[in-house]
Amino acid sequence: MVSLNRLRTEAREARRLFPDPDGAARAVCNAVTSLGWLDGAKRVSASVADDGELDAAPLVTACRLRGIDLYFPVLRDPAPMQFAPAGPDTAMVDNRFGIPEPDVEPHELVSARELDVVLAPLVVFDAAGHRAGRGQGYYDRALAFLLNGPRPAKPLVVGLAYELQLVDAVPSHPGDVIMDAVVTEQRVRVFSSSLSRRSRA
């Protein structure tokens with residue numbers, strides 16, 4: 001079996017070479033909005049694209065046009081990853097990985113529990129809904145509450161990726177959170193039965 005580190009390396013190299021990232025970002029945005037997953041949402045998290053990640057910028061714009069409040073992840077160890085409000089004029093500062101995050105006061109931060117939709121970046125994913133990011137476990141720790149008993153309706157966890165980031169299997173562990181869906185420029189994969197019913201409605 002190919003190691004996860006090798007899968008990550010190959011996927012990161014491939015996505016940096018994707019020929020039409022802007023077109024892919026628009027296609028993913030159109031898919032998410034047409035499925036109605038943002039309808040009724042008040043708080044949605046996204047992130048600034050880095051290292052060839054699929055750009056969530058069109059979805060950020062779509063959310064703002066709907067009056068949805070945007071939140072971006074903030075890394076402040078040792079606490080789990082939290083999310084900061086990010087308006088069009090919010091000052092940004094680079095975190096330890098060089099990724100811009102909102103420069104806000106601690107009292108403005110919210111947990112993943114307080115979000116309606118989490119638009120999650122990833123490095124690789126599989127057809128069972130497992131994802132792997134950079135290997136730090138930030139999203140899994142922030143969303144760990146989803147594993148305690150029946151899964152709550154919120155937040156909806158939607159992975160954003162290129163189709164080329166699909167792998168045969170992502171090595172998983174009991175603490176890994178399975179996504180509700182992954183959207184690529186080519187197709188939508190739904191892993192949550194409740195979300196599947198919403199998508200058909």
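The model is predicted. Strand 1, helix 3 and strand 2 form a right-handed β-α-β unit. The largest nonpolar core has 30 residues, and helix 2 gives the largest share of this core, 5 residues.

- Strand 1 covers residues 43-45 and pairs with strand 2 in the parallel sense, over 3 bridges.
- Arg43 has Asp69, in strand 2, as its bridge partner.
- Helix 3, residues 57-65, is the helix of the right-handed β-α-β unit that also contains strand 1 and strand 2.
- On strand 2 there is also a pairing with strand 3 (residues 82-85), which is antiparallel and has 4 bridges.
- Within strand 3, Phe83 stands opposite Pro73.
- Strand 2 runs over residues 69-74 and is mostly covered, with 5 of its 6 residues buried.

**Nonpolar cores**

- In soluble globular proteins, nonpolar side chains tend to be buried together.
- In the largest nonpolar core, of 30 residues, those with the most contacts inside the core are Trp37, Val44, Leu59, Leu119 and Leu160.
- At least two residues of this core come from each of helix 2, helix 3, strand 2, strand 6 (117-120), strand 9 (156-160) and strand 10 (181-183).
- The contribution of helix 2 is 5 residues, the largest share.
- Leu59 is in contact with Val28, Cys29, Val32, Thr33, Leu38, Leu119 and Leu160, leaving aside its neighbours within four places in sequence.

**Helix 2**

- The 14 residues of helix 2 should span 20 Å at 1.5 Å a residue, and this agrees with its end C-alpha atoms, which are 20 Å apart.
- The buried residues of helix 2 are Gly23, Ala24, Ala25, Val28, Cys29, Ala31 and Val32.
- Among the elements that cover these buried residues are helix 3, strand 9, strand 10 and strand 11 (188-190).
- After helix 2 comes Gly36, with a positive phi near 80°.

**Thr184**

- Thr184 is found in the loop between strand 10 and strand 11.
- Thr184 counts as buried because its relative accessible area is 2%, and the cut-off for buried is under 20%.
- A polar atom of the Thr184 side chain lies 3.1 Å from the backbone nitrogen of Gln186.
- Leaving aside neighbours within four places in sequence, Thr184 is in contact with Val28, Phe125, Ala161, Tyr162, Glu163 and Arg189.

**Ile178**

- Ile178 sits in the loop between strand 9 and strand 10.
- With a relative accessible area of 34%, Ile178 is partly exposed.
- Not counting residues up to four places away in sequence, Ile178 touches Ala128, Gly129, His130, Arg151 and Phe191.
- Ile178 and Leu143 are 35 residues apart in sequence, while their C-alpha atoms are 9.9 Å apart in space.

**Backbone details in other loops**

- The peptide bond from Lys154 to Pro155 is cis, and its omega is near 0°.
- Pro155 belongs to the loop between helix 4 (138-142) and strand 9.
- Asp51 lies in the loop between strand 1 and helix 3.
- The phi of Asp51 is near 60°, which is a positive value in a residue other than glycine.

Note on methods:
Residues numbered from 1 in each chain as written. Predicted model: local features only at pLDDT ≥ 70, side-chain atom pairs only at ≥ 80, totals over all residues. Heavy atoms only, no water. Buried < 20%, exposed > 50% of the residue type's maximum accessible area, 1.4 Å probe, protein only. Pairing = 2+ DSSP bridges. Right-handed = clockwise from strand over helix to strand, strands pointing away. Core = buried A, V, L, I, M, F, W, Y, C linked by side-chain atoms within 4.5 Å. Contact = heavy atoms within 4.5 Å. Expected span 1.5 Å × (residues − 1). Polar contact = N/O pair within 3.5 Å; in protein donor to acceptor, adjacent residues only side chain to side chain.
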